[in-house]
Structures are given as C-alpha cells and as structure tokens.
Amino acid sequence: MSTQTYAQVRPKQPTFIPATRLQKSFVAAAEKRTLLWLAGRTPGWINSDHLTILGFAAQCLAGVCYALARWNRYALLLGIVFLALNWLGDSLDGTLARVRNCQRPRYGFYLDHIADTFAAFFLMGGLALSGYIHPAIAFGMLIAFLMLSIEAYLATYTLGQFQLSYWKFGPTEIRLLLAAGNLALLRWPSVKTLGTRLRLLDVGGLIGIVGMALMLIVSAIRHTGTLYREEKIS
C-alpha cells in the first residue's frame, strides 16, 4: 500500500484539548510541592505507567487488608501502608509525566480513571467483607463515589474543567480520613450515638454518602446552569 493510500484510510486522530485541573483541597499546595520534589528525584527507569500500576495495585491490596481485618484487626495497619502507596502511585504519575514533558493526555486520563473505578470496587468490596461496616453502606459509598466521578467526567468534557476536589476535599484527604479511621478502629470499633451503639464505620460511611450526595447535587445544578447560560437559545 502506498504512503498516500495509507494516509487516506488511516483514521484521523481526534483533537484533544486537556482540561483545566481544579485542585483546591486542604493539602493541595503542600502536596504539589511534595510531588514536584519526588518527581525530580524519581529514577529514570521508572515511568508514569509504573506509578499508575503501583497506585492501582496498592488500592486493591488495601481492600484485601480490610477483608483480612475480619480475622485479624492488625491488617488495618497494613492497609494504611497500601493507602500511602496508592497516594504515591496515583498522585505522582501525572506529575512525573508533566515534569518530564512526556504527557499522553488522552491515554493518561482514560487509564488513570478507569483504574480508579476498578480499584474503588476492590476497596469498597474489602470494606463490605471486613465486618466493620454494613455491606449496604460500603456499596452505598461506592455508588455515591461513582456517581460523583461521572459528574466530574461529564463536566470535564463539556466545560473543559476537571474538578479534583469538592469543598476542600480531594482524594488525598479521603485517604487521610481512611487511614485515621483504620487507627481509630483498633481502639473504637463501635461508638455510642444517641443512646445506641453503632459501628464506627457505619456512622462515618453514612456521613460520607450524604456528603458526596450533596456535592453531586450542588455540582450538577451549578454546571447545568453554566451550560444553559453558555448555550442559551435566543
């Protein structure tokens, strides 16, 4: 096949404009400085794909630790280690690509977030098996997270803005809360609320579901209004 003929039949690569990243969480500034420092000292043989795999595997293993905690509560401590490794891989992969000027925006965006989807299932599945939380609450958290993620991806496509944090809370703050929860579970697996003893993670999970639901509703209303004004029919 001639070069000209091949060029004619070859699918045209779609135009892709990277979205503006909106990160305004509590630890965003300190986290950015830390990630830039780590990226500048990462060995050359480690690339973004390696870090994405690390982040994915670590989050799945954190879910395994929750499941194992049903029989040995000290698996919760190992879970904190995997949450830290998940932060390292999931947060550093994009920073490393930008520092080295070897970004693959379509591939990176898709891979990172489809990996997050599967890893979230493993994490919440492990929680559901842990005995520290009612399975319905664990999967309610998963559903709320996925719905909020869908809203963020739709806004990224339609508005060109990728929301990485909501109300000062982003993925890193969630990991910190999970790690703190793991430590608390070693001492207080249940708490007394309104005269009733409840599992600590049942209370935390319900708060998380309500919080994510509110974030979803507020963001959906705001973004719908923005798109309506931008494409208002005269």
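1. The model is predicted, so local features need pLDDT of at least 70, side-chain atom pairs count only at pLDDT 80 or more, and totals for chains, interfaces and linings use all residues. Residues are numbered from 1 along each chain as its sequence is written, and side-chain values use heavy atoms, without hydrogens and water.

2. A search of the whole structure gives two cavities of 30 Å³ or more. A cavity is a set of points, on a 1 Å grid over the protein atoms alone, where a 1.4 Å probe fits but cannot get out.

3. Lining residues have an atom within 4 Å of a point. Those of the largest cavity include F56, Q59, N86, D90 and D112. The elements giving two or more residues to this lining are α3 (48–68), α4 (75–99) and α5 (105–130); helices are DSSP runs (H or I, at least four residues), numbered from the N terminus.

4. The second largest pocket holds about 150 Å³ of space. A pocket is an open set with protein on both sides within 12 Å along at least five of seven lines. Of its 12 lining residues, Q163, S165, Y166, W167 and R222 lie nearest the centre. Helix α8 (residues 200–230) gives the most to this lining, with four residues.

5. N101 lies in the loop between α4 and α5. N101 is not a glycine, yet has a positive phi of about 55°. Most residues other than glycine have a negative phi. N101 is exposed, at 65% relative accessible area (exposed means over 50%, with a 1.4 Å probe and protein chains only).

Terms used: Grid points are joined across faces, edges and corners, and a volume is the space filled by probe spheres set on the points. Buried means under 20% relative accessible area, exposed over 50%, partly exposed in between (1.4 Å probe, protein chains only).
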